Amino acid sequence: MASFVMWHAAAVLMILFRYSVRGQISYSIPEEMPKGSIIGNISQGLGLDLKRLTSGKARIFAGDNNEFVGLNKEKGLLLTEEKIDREALCAKTTPCALHLQLILEDPMEWYDVTVEIIDINDNDPSFSKSEITFEISESAVIGARFMLENAIDLDVGSNSQLSYSLKPTDNFVLSLQSQTDGDRNMEMVLQKALDRENKEQLSLLLTAVDGGEPQLTSTVRIHVTVLDINDNPPVFNQRVYKATIPENTPKNTVITSVSASDADEGSNAIITYYMSSTGDVNDLFMVDARSGKIILKGSADFEKASLYQLNMQARDQGGLSDSCKVIIDLTDINDNKPAISIVSMSNSISEESRPSTVVAMLNVNDLDSGLNGQVHCYINDNIPFAIASSSSFFSLQTEQELDREREAQYNISVICTDEGVPALSSSVSLRVQISDVNDNAPVFEKSHYEACVLENNTPGLSTFRVKASDADWNQNARVSYILEDSTVNGVSVSSYVSVHPDSGLITAVRSFDYEQLKDFHFQVKAQDGGSPPLSSNVTVKIIIQDQNDNAPQVLYPVQTGASVVAEIVPRAADVGYLVTKVVAVDVDSGQNAWLSYKLQKATDRALFEVGLQNGEIRTVRQVTDKDAVKQKLTVVVEDNGQPSRSAMVSINVAVADRFPEVLSEFTDFTHEKHYDENLTFYLVLALAAVSFLFITCVIVIISVKVYRWRQSRFLYQSNLPVIPYYPPHYADTGVTGTLPHGYNYEVCMTTDSRKRDCKFSTLGGKNFLMVEPSFAETMSHTIKKNSSFDDLRSTEPQNPPNADWRFPPNQRPGPSGQHRFHTLQQRWTPYEKSRAGARPDEAGASAGVIAGTGPWPNPPTEAEQLQALMAAANEASEAAATLGPRYNPQYGPDYRQNVYIPGSTATLTANPQQQVPQQALPPPQALPPVEAPKAAQTPASKKKPTKKDKK
């Protein structure tokens with residue numbers, strides 16, 4: 001047993017030579033290797049990288065033997081998955097091998113792997129019976145042979161080569177006879193005559209020893225009974241019988257018969273037939289002991305065994321026997337369809353795949369043999385695919401270039417048929433999608449385009465549309481149109497036409513002139529959205545069609561104003577005399593250039609006529625002496641366009657025989673004045689424009705005068721005095737009296753109590769406000785009547801008064817006191833509506849203050865007005881008495897921040913551009929001299945205000 005283990009280990013380590021030819025590799029391993037034993041490094045044997053095994057999803061395809069061999073992809077090793085019993089796998093078949101395939105994907109590859117299972121001596125020889133009994137007559141002659149059953153050794157090769165020994169050898173020896181088929185028959189030969197009286201029973205021991213290492217043996221006991229004499233054994237008619245049956249032979253069919261004869265008589269001549277074969281033969285066949293008929297009692301299968309050998313024995317009653325061999329051949333019938341297995345398949349391939357690209361791999365197996373097992377596969381016609389075979393593997397490959405535009409999907413039926421009669425077939429359907437690549441350029445519907453456009457067209461006119469289609473799919477079929485850069489008469493074509501990139505609409509960019517450009521060519525490129533993009537060009541021709549936009553031009557006679565040209569007609573001229581010919585051209589084309597000539601005016605219409613088509617002027621009648629010497633003809637040249645255009649030419653004709661007469665008659669032509677009608681039109685237009693401007697200026701001046709007169713009447717007719725009112729917003733703390741600051745009032749009174757001026761002095765300018773005592777009507781009514789004040793009327797909704805107007809200045813936000821700035825603002829509001837000052841963001845945002853404006857809380861009564869006027873007068877007198885001559889008006893604050901005009905809803909506020917911060921009064925010794933107050937103006941002493949005063 002120890003030697004067996006050592007031999008087994010050595011066999012594992014000594015793997016036979018491996019070879020790899022054309023994607024094939026073979027290994028040899030002993031049977032009964034433990035699970036997980038290494039068969040070989042397939043990555044090194046095939047020259048494959050371990051990464052390739054992993055990325056290609058390597059796997060072992062072994063058909064029905066998947067449980068024996070496995071693959072370690074990380075190490076590239078073939079391993080045993082379980083113990084392999086060669087006898088269970090292959091029985092007596094040699095060599096015994098596992099045919100495997102290594103399958104790789106991306107790209108698809110396969111390699112044939114053959115693992116040969118080497119037999120080891122692991123099976124003892126065995127006899128079918130534990131004991132063998134012979135009855136031999138004592139009269140058996142020396143050399144009589146007795147058939148013995150061979151021992152069975154499931155091993156093969158030298159392990160199954162058996163040697164036999166028989167002990168004791170006093171009466172019998174063993175004889176081995178080789179047959180033509182290589183088998184050996186074992187016989188026991190009588191070498192010494194039997195003597196029943198000496199020994200009735202003989203016991204022999206038959207030993208079978210195999211040729212393995214270590215040797216294994218088996219024994220069987222032979223019992224020999226010596227019978228009374230029977231000296232003639234049975235004899236078969238043939239030593240070998242042969243029979244052939246199909247594998248589908250039904251049960252209980254008689255295959256053949258064996259026959260033997262015995263020369264003895266009586267019971268010694270009765271022959272009994274036996275079948276001495278072992279194994280599966282006894283399950284399939286039986287022999288009739290009396291008739292010798294061999295009958296099929298099971299189902300024969302050619303795929304399991306194609307040949308059976310039966311050992312037949314004929315024995316008489318005296319124990320004499322003979323043996324023969326029956327060989328039964330099975331013929332294969334086509335009873336198995338090809339089995340198709342899809343090993344690997346790609347559902348989608350690119351249309352740019354090269355020919356011989358593998359799409360799918362199929363394994364086809366037919367269990368039949370010969371022609372019945374020969375399989376060929378084919379696919380449906382008219383598709384760019386083909387089937388290639390390699391042993392039992394078939395690959396579906398591309399046969400030619402694919403075109404998705406011709407066929408986007410293929411339903412391929414693979415049909416595999418064997419060569420049997422009748423042939424059996426199997427089929428499988430494969431669906432292959434063709435993915436698109438950008439291999440088709442856009443194609444225009446026409447090879448070239450032509451379009452006609454009338455001249456003088458409107459820019460932006462759509463002329464026509466080019467259309468291209470792309471046979472590709474999705475983004476590869478999206479077509480954009482591009483105007484190819486070129487020049488027309490030295491100018492870029494893009495200044496003539498444009499192309500819409502999506503619709504292909506061609507639009508005229510400019511107005512065309514047939515006389516300058518009759519046609520032009522350009523190219524439009526259609527480009528798809530593939531990567532890289534494909535494109536195609538088409539030539540577009542634009543034909544400009546003529547319009548009648550040019551009048552005829554007279555070439556002869558030439559019209560000049562410098563001299564007079566006259567045609568001379570002799571008085572002896574006959575009828576049809578050619579006086580002259582009017583020659584004119586029209587730059588238009590076609591019927592627009594067809595000219596006709598007509599005589600519009602003539603001194604004597606009865607004397608001349610003009611040819612309608614040729615423009616020839618001829619005499620109609622005979623010239624007489626009564627005809628005037630000076631003849632003036634006006635010829636109209638008209639084209640045939642719609643509408644037609646024309647030109648006129650004047651021709652002077654002299655009817656005279658001598659040149660001096662012509663000269664004397666036509667001298668006055670040189671003194672004629674020629675007036676230009678266009679010049680006259682422009683002169684009249686200029687005169688009308690100057691007259692309109694003059695009248696407009698006069699109306700404006702009168703309007704200004706009337707406006708000023710109405711203003712003076714408005715101010716002088718007021719009956720109410722001007723009472724300056726200052727809301728509490730401007731009250732100052734810490735000052736006693738009515739007025740918070742010292743102000744200078746210059747009041748000029750006239751003898752006429754109805755007319756007086758109120759003058760408020762401020763730094764930076766002077767403003768006058770004159771109010772007439774006859775102020776009879778209210779300010780609001782006057783404003784409504786006077787349209788010159790419309791720009792002062794506010795249309796915005798009035799805001800309520802500022803809530804800060806009730807607080808003293810030192811408690812309000814922003815600057816106060818002497819450093820406060822004042823804003824001039826006029827807001828006119830109807831009397832019935834509320835009145836509010838400017839918003840802080842309008843009036844005070846830029847100046848940094850919140851202007852104190854707002855509505856009058858309650859309109860003052862006449863008594864309050866008089867009281868305010870008296871208070872103002874008292875303040876003025878007190879200020880003058882206190883300050884004396886040092887009181888200078890220019891240092892007084894602006895008292896016109898907020899002026900209320902009684903009877904009106906207007907509030908006048910100072911202009912920020914005219915306001916300056918108040919300055920503190922200088923020391924008394926530094927005050928400048930004070931001017932004496934001027935006398936008030938009287939109506940008699942009033943002067944006309946200057947421009948500066950008006951401003």
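These legends accompany several close-up views of a predicted model.

**View 1. The whole chain, as a starting point.**
Before zooming in, here is the overall picture of the predicted model. The chain has 951 residues, and 39% of them count as buried. Its secondary structure comprises 11 helices and 57 strands. The accessible surface comes to about 53,100 Å², with 53% of that belonging to carbon and sulfur atoms. If we take the contacts between residues at least 6 apart in sequence, 69% join residues at least 24 apart.

**View 2. A mixed open sheet of 4 strands, β33-β42-β41-β36.**
Reading across this open sheet, the strand order is β33, β42, β41 and β36, and the pairing is mixed. At the edges stand β33 (448-454) and β36 (479-483), each of which pairs on one side only. From one strand to the next, the twist averages 30°. Take a look at the pair formed by β41 (residues 519-528) and β42 (residues 535-545): the two are antiparallel and are joined over 9 bridges.

Gln475 lies in the loop between β35 (468-469) and β36. Not counting residues up to four places away in sequence, Gln475 touches Gly529 and Gly530.

**View 3. An antiparallel open sheet of 3 strands, β9-β12-β11.**
The order in this open sheet is β9, β12, β11, with antiparallel pairing. The edge positions belong to β9 (145-148) and β11 (172-178); each has a single partner strand, so one side of each is left without a neighbour in the sheet. Here the twist averages 35° from one strand to the next. Strand β11 and strand β12 (residues 184-190) run antiparallel and are joined by 7 bridges. A handy pair to pick out is Val173, which stands opposite Val189 in β12.

**View 4. The salt bridge between Asp436 and Arg404.**
The structure holds 13 salt bridges, and this view shows one of them, between the side chains of Asp436 and Arg404, at 3.1 Å from N to O. Asp436 sits in the loop between β31 (425-435) and β32 (443-444), and Arg404 in the loop between β29 (393-398) and β30 (409-418), so the pair ties together parts that are 32 residues apart in sequence. Both Asp436 and Arg404 are buried.

**View 5. The salt bridge between Glu638 and Lys598.**
In this salt bridge, the closest N and O atoms of Glu638 and Lys598 are 3.6 Å apart. Glu638 belongs to strand β50 (residues 630-639) and Lys598 to strand β47 (residues 595-602), so the pair ties together parts that are 40 residues apart in sequence. Glu638 has a relative accessibility of 23% and counts as partly exposed. Lys598 is partly exposed too, with a relative accessible area of 44%.

Arg618 forms a salt bridge with Glu616, and their closest N and O atoms are 2.9 Å apart. At 28% relative accessibility, Arg618 is partly exposed, whereas Glu616, at 18%, counts as buried. A further panel shows Arg86, Glu87 and Asp119, joined into one network by salt bridges that share partners.

Where does Arg52 sit? Arg52 is found in helix α3 (residues 50-55). With a relative accessible area of 16%, Arg52 lies under the 20% cut-off and is therefore buried. Leaving aside neighbours within four places in sequence, Arg52 is in contact with Leu104, Glu105, Asp106, Pro107 and Glu109.

**View 6. A nonpolar patch on the surface.**
Which residues form this nonpolar patch? The members are Phe694, Ile695, Val698, Ile699, Ile702 and Val706, and together they have about 550 Å² of accessible area. One of them, Ile702, is found in helix α7 (residues 677-716).

Note on methods: Residues numbered from 1 in each chain as written. Predicted model: local features only at pLDDT ≥ 70, side-chain atom pairs only at ≥ 80, totals over all residues. Heavy atoms only, no water. Pairing = 2+ DSSP bridges. Axes fitted to C-alpha atoms, helices over the stretch in contact; angles between N-to-C directions. Patch = residues over 30% accessible without salt bridge, like charges linked within 9 Å, V, L, I, M, F, W, Y side chains within 5 Å. Areas by Shrake-Rupley, 256 points an atom, 1.4 Å probe, with all protein chains shown as cover. Salt bridge = Lys/Arg side-chain N within 4 Å of Asp/Glu carboxyl O. Buried < 20%, exposed > 50% of the residue type's maximum accessible area, 1.4 Å probe, protein only. Contact = heavy atoms within 4.5 Å.
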